[in-house]
Amino acid sequence: MLKFYFNASPNPSKVALLLEEAGIAYEGMPIDTRRGHQFEPSFLAVNPNGKVPAIVDGDVVMFDSNAILLFLAEKSGKFLPPGAEKIGSPVRGEMLSWLMFVATGVGPFSGQAVHFKHFSPEKVPYAHTRYQYESMRHFKILDAHLAKHKYMVGETYSIIDMDVWGWARMIPFILGEEAWAELPNVKRLHDEIMARPAAQKALALKDTFAFKAEVDDEARAVMFKHLKAG
């Protein structure tokens with residue numbers, strides 16, 4: 001059975017959504033990053049970068065959420081945009097472009113926005129302003145695209161929408177609740193996916209394990225190792 005290494009953060013959540021939507025049997029392997037589980041040798045053997053999500057599917061070991069989404073969609077034959085399975089097709093090009101846009105833009109800028117808004121031990125106004133701006137800029141690109149399309153690629157719900165949902169559900173935490181007013185089309189897609197039973201199951205996965213909630217000195221020491229290195 002596929003092993004799925006997860007916690008409650010955005011990137012594992014979108015993989016959990018696909019697993020539930022596609023009906024893929026899996027064993028949840030919780031990684032409590034606030035307790036340092038991501039740096040245990042057994043997990044580093046799966047992902048040397050020490051981050052979730054990751055999967056072990058038979059002989060296949062994979063990390064990075066977008067790589068996993070694409071692998072599982074192609075393996076199961078489910079939730080790829082129609083035509084995207086064909087190498088060199090326009091639809092596949094569009095799919096890969098949006099997957100990489102979320103992977104290299106939405107995710108990293110949102111993550112840094114969260115860090116400097118909620119977790120930085122010192123206030124850095126320039127960094128806070130930059131990452132808030134860039135995070136919103138990326139979401140507005142998604143919003144403008146969704147103003148013209150019901151879904152991210154083609155006319156059907158796919159892994160690209162799941163990819164966007166993983167971060168979009170965190171918009172109030174990233175940018176503040178008021179940000180939804182500037183992102184009505186992202187909000188529409190978010191709400192549609194949130195209403196799906198698979199989304200509720202994906203989000204409930206975190207309740208199967210008592211993840212540490214507090215960001216105390218112990219958690220900071222394992223989550224933000226640069227503090228000690230500095």
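A search of the whole structure finds 11 salt bridges, a salt bridge being a side-chain nitrogen of Lys or Arg within 4 Å of a carboxyl oxygen of Asp or Glu. The structure is a predicted model, in which local features need pLDDT of at least 70 and side-chain atom pairs count only at pLDDT 80 or more, whereas totals for chains, interfaces and linings use all residues. Residues are numbered from 1 along each chain as its sequence is written, and side-chain values use heavy atoms, with hydrogens and water left out.

One of the salt bridges joins the side chains of Asp 57 and Lys 75, at 2.4 Å from N to O. Asp 57 belongs to strand 3 (residues 54-57) and Lys 75 to helix 3 (residues 65-76), so this pair ties together parts that are 18 residues apart in sequence. Helices (H or I, at least four residues) and strands (E, at least two) are DSSP runs, numbered from the N terminus.

Arg 137 pairs with Glu 134, with the closest N and O atoms 2.9 Å apart. Both residues lie in helix 5, 3 residues apart, which is about one turn of the helix. Arg 137 counts as partly exposed at 34% relative accessibility, and Glu 134 counts as buried at 11%. The other bridge brings together the side chains of Glu 182 and Lys 140, at 3.0 Å from N to O. Because Glu 182 lies in the loop between helix 7 and helix 8 and Lys 140 in helix 5, this pair ties together parts that are 42 residues apart in sequence. Glu 182 is partly exposed, with a relative accessible area of 43%, and Lys 140 is likewise partly exposed, at 38%. Elsewhere, Lys 212, Asp 216 and Glu 218 are linked in a network of salt bridges.

Helix 5 itself comprises 22 residues (residues 125-146), which at 1.5 Å a residue should span 32 Å; its end C-alpha atoms are 31 Å apart, in agreement with that value. The expected span is 1.5 Å times one less than the number of residues in the helix. Among the buried residues of helix 5 are Ala 127, Tyr 131, Met 136, Phe 139 and Leu 142. The buried residues of this helix pack against helix 4 (90-119), helix 6 (159-168), helix 7 (171-174) and helix 8 (184-194). Gln 132, also in helix 5, is buried, with a relative accessible area of 14%. Residues up to four places away in sequence not being counted, Gln 132 touches Ala 113, Lys 117, Ile 174 and Leu 175, where contact means heavy atoms within 4.5 Å.

The interior can be followed through the nonpolar cores, each a set of buried Ala, Val, Leu, Ile, Met, Phe, Trp, Tyr and Cys residues joined through side-chain atoms within 4.5 Å. The largest has 64 residues, and those with the most contacts inside it are Phe 4, Leu 17, Leu 72, Phe 139, Leu 142, Ile 159 and Ile 171. Helix 4 supplies the largest share of this core, 11 residues. A second, separate core of 7 residues includes Tyr 5, Val 46, Ala 54 and Val 56.

Neighbours within four places in sequence aside, Leu 17 is in contact with Tyr 157, Met 162, Trp 165, Ile 193, Ala 198, Ala 199 and Ala 202. Met 162 is placed in helix 6 and is buried, with a relative accessible area of 0%. With the same exclusion of neighbours within four places, its contacts are Lys 14, Leu 17, Leu 18, Glu 21, Phe 79 and Tyr 157. Met 162 and Val 15 are 147 residues apart in sequence, yet 8.1 Å apart in space, C-alpha to C-alpha.

The largest pocket holds about 1,600 Å³ of space. On a 1 Å grid over the protein atoms alone, a pocket is an open set of points where a 1.4 Å probe fits, with protein on both sides within 12 Å along at least five of seven lines, and lining residues have an atom within 4 Å of a point. Grid points are joined across faces, edges and corners, and the volume is the space filled by probe spheres set on the points. Of the 44 lining residues, the closest to the centre of the pocket are Asn 7, Ser 9, Pro 10, Lys 51 and Trp 167. Helix 1 (10-22), helix 3, helix 4, helix 7 and helix 10 (217-223) each give two or more residues to the lining. The largest share of the lining, 9 residues, comes from helix 4.

Definitions and conventions: Buried < 20%, exposed > 50% of the residue type's maximum accessible area, 1.4 Å probe, protein only.
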